[in-house]
Amino acid sequence: MRLWFCILLQFLFVQSLLSQNELASVKDFLDKKFGYVDEVIPIKNKNTGELAVFFTEGKTTHAFLFDNSFKKIDSLSGEDKRRKYKQVIGGGTGADRNYIIYFSNPSRTKFASIDFSFKTKEARFHEFDFELDNERLLQTVHIDDSFYILTIEKKSSVLHTYKFKEHNAPINSMIDLSAESFLDDEDEETTLYDLLTTSSGIYNLGKSVNIVKINIENPTTLEIAAQPTKFYETENGFLISFDQNKQFTQLVELDLINSTYNMNRLQKPLAIVSPDKKRTNSFVHDKTVYTIAVVENLIYLQCLNLETGELINEHSVDPQGQITLKNTPVVQTGGDFSSTRELKKVSKVFRKINLGEVGISVFKAHDIFEVAYGGIHETKSNPAMFFPGFAIPIAASGGLALSLFINPAFFAFESYSNTKAVKIEAIFDATFEHLNGDIPLNAFDKIKNFAAKEKVLRNGRTVFRFNGNYIFGYYDSWTKTFSFREFKNN
């Protein structure tokens, strides 16, 4: 068994190396002799296909501009004057190769931006003359040529959007959901604010925003999928799913451009089982909702049409026989590749899944749907310690928070690298019929293997999507070089 496992490791590393190539590198750009990269902020220009990558080093920001073939075409450096604005919350583009980064103060009540011009080689700092008082910032998104901040009034079901366009004063619009009925985990009516926040601080007297932002083009770990509240990026805003209630998946689709919403409520499986005896969760992928329901002796998977609630297909797994709804061995994953181990006894799989929260995630690779389901067994005590400047609590799993706002791909990757869960993986067709076959390594697997082999440090690394593939960026302090490597899913 050890020999087979070693051979498998070697094969995975070779596959990772064969499936990536270096696109570009920048060398000797830091000011200090022993400097290091604090943050990496990639912003793509959707109109030109160009990419600007910003590196912060103390009070200095270095920027490089690449064309759509990842050839370096320009650069600039400037002093970072944001001072009290430490949190990066978004990025966008303006005219004449201008790139804008938006910031907030640590409490996310005040906002500013820096406009970087590759044409004039200048960086202009701007503070916005408004402050959030009775509102909490939820998420941000860049749509077309505008930047949007989504907030919620405290102890209410009233949302606000703030539309920013370059340095103009933000336009405030309201989306009032007060007339809607929201259910908590005890089937009691509650506010949208209570569903979007979680108790925190000393004696749980405070409130923390409980948000996970998902782009379904990225693989999603069970650690993210097991969260009770999830934000999915859409063309005009967000789709929010709430799984605190065990009987219903509650869904709110927000159109930030038109300040409108649609609400839907879908029945979860195993309705006859008492809510206190089951755990449930869901995952939205395009126009379908995948739901998992777990009781002591049963795992039940269901796929529904998002708009109509019509059943597409369903499956169940019980501990009496073998788990056949899988295409890989059942594993308990850890933060490091070497800590992954196979679980062969079905009773042990059920026992471990029943220890914590459950989740299901879906990733489409070509025409195949890769589904991971199971439960969160254990997480690192404080993964946020690796991510300076982005400490945001995320439900019960801790602080996976880097790039929570601006780079969902890196958020997903860092979660992917630190997950500890009992995971079952299977592949399905569009009708949720189980298929035979192997599950190929995705881009995150390949990046993880490469980073382990090359001993890439966490500090200063990034992952982002570019031209349909993933770019892994990392800094080598010995050679003083930041390299960009491309990885493909399959």
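Entry 1: a term before I start. I call a residue buried when its relative accessible area is under 20%. The model I have open is predicted, so I read every value below as computed from that model.

Entry 2: Asp243. I looked up its accessibility first. Asp243 comes out at 3% relative accessible area, so it counts as buried. Next I asked which residue meets the side chain of Asp243 in a salt bridge. That turned out to be Lys268, with 2.9 Å from N to O. Lys268 is also buried, because its relative accessibility is 2%.

Where do Lys268 and Asp243 lie? I found Lys268 in the loop between strand 22 (260-267) and strand 23 (279-285), and Asp243 in the loop between strand 20 (237-242) and strand 21 (248-255), so the pair ties together parts 25 residues apart in sequence. I also noted that Lys230 joins Asp243 and Lys268 in a network of salt bridges.

Entry 3: other salt bridges. How many salt bridges are there by this rule? I get a count of 14.

I picked Lys287 and Glu307, whose side chains meet at 3.5 Å, N to O. Lys287 sits in the loop between strand 23 and strand 24 (288-295), while Glu307 sits in the loop between strand 25 (298-305) and strand 26 (311-317), so this pair ties together parts 20 residues apart in sequence. Is Glu307 buried or exposed? Glu307 is exposed, at 59% relative accessibility.

Then I checked Arg458, which forms a salt bridge with Glu414; their closest N and O atoms are 2.9 Å apart. This pair links distant parts of the chain, with Arg458 in the loop between helix 6 (443-454) and strand 32 (462-466) and Glu414 in helix 5 (residues 408-418), 44 residues apart. Arg458 is partly exposed at 21%, whereas Glu414 is buried at 2%.

Entry 4: Thr140. I found Thr140 in strand 10 (residues 135-143). Thr140 is buried, with 1% relative accessible area. What lies 2.5 Å from a polar atom of the Thr140 side chain? The backbone oxygen of Ile89 does. Leaving out residues up to four places away in sequence, I listed what Thr140 touches, including Ile89, Phe147, Tyr148, Lys213 and Phe405.

Entry 5: I traced an open sheet of 5 strands in the order 28-27-31-30-29, with antiparallel pairing. Its edge strands are strand 28 (341-342) and strand 29 (358-365), each pairing on one side only. Helix 4 (residues 346-353) packs on this sheet and touches strand 27, strand 28, strand 29, strand 30 (368-376) and strand 31 (421-428). The direction of helix 4 makes about 110° with that of strand 31.

I then looked at one pairing in detail. Strand 27 (residues 331-332) and strand 28 run antiparallel and are joined by 2 bridges. Val331 has Glu342 of strand 28 as its bridge partner.

Entry 6: nonpolar cores. Which residues have the most contacts inside the largest nonpolar core? They are Ile299 and Tyr373, in a core of 54 residues. Beyond four places in sequence, Ile299 touches Tyr373 and others, among them Ile292, Val294, His315, Val317, Phe350 and Ile353. Another core, of 23 residues, lies apart from the largest one, and I noted Ile175, Val209, Phe238 and Val252 among its members.

Notes:
Residues numbered from 1 in each chain as written. Predicted model: local features only at pLDDT ≥ 70, side-chain atom pairs only at ≥ 80, totals over all residues. Heavy atoms only, no water. Pairing = 2+ DSSP bridges. Helix = DSSP H or I, 4+ residues; strand = E, 2+ residues; numbered from the N terminus. Contact = heavy atoms within 4.5 Å. Axes fitted to C-alpha atoms, helices over the stretch in contact; angles between N-to-C directions. Core = buried A, V, L, I, M, F, W, Y, C linked by side-chain atoms within 4.5 Å. Buried < 20%, exposed > 50% of the residue type's maximum accessible area, 1.4 Å probe, protein only. Polar contact = N/O pair within 3.5 Å; in protein donor to acceptor, adjacent residues only side chain to side chain. Salt bridge = Lys/Arg side-chain N within 4 Å of Asp/Glu carboxyl O.
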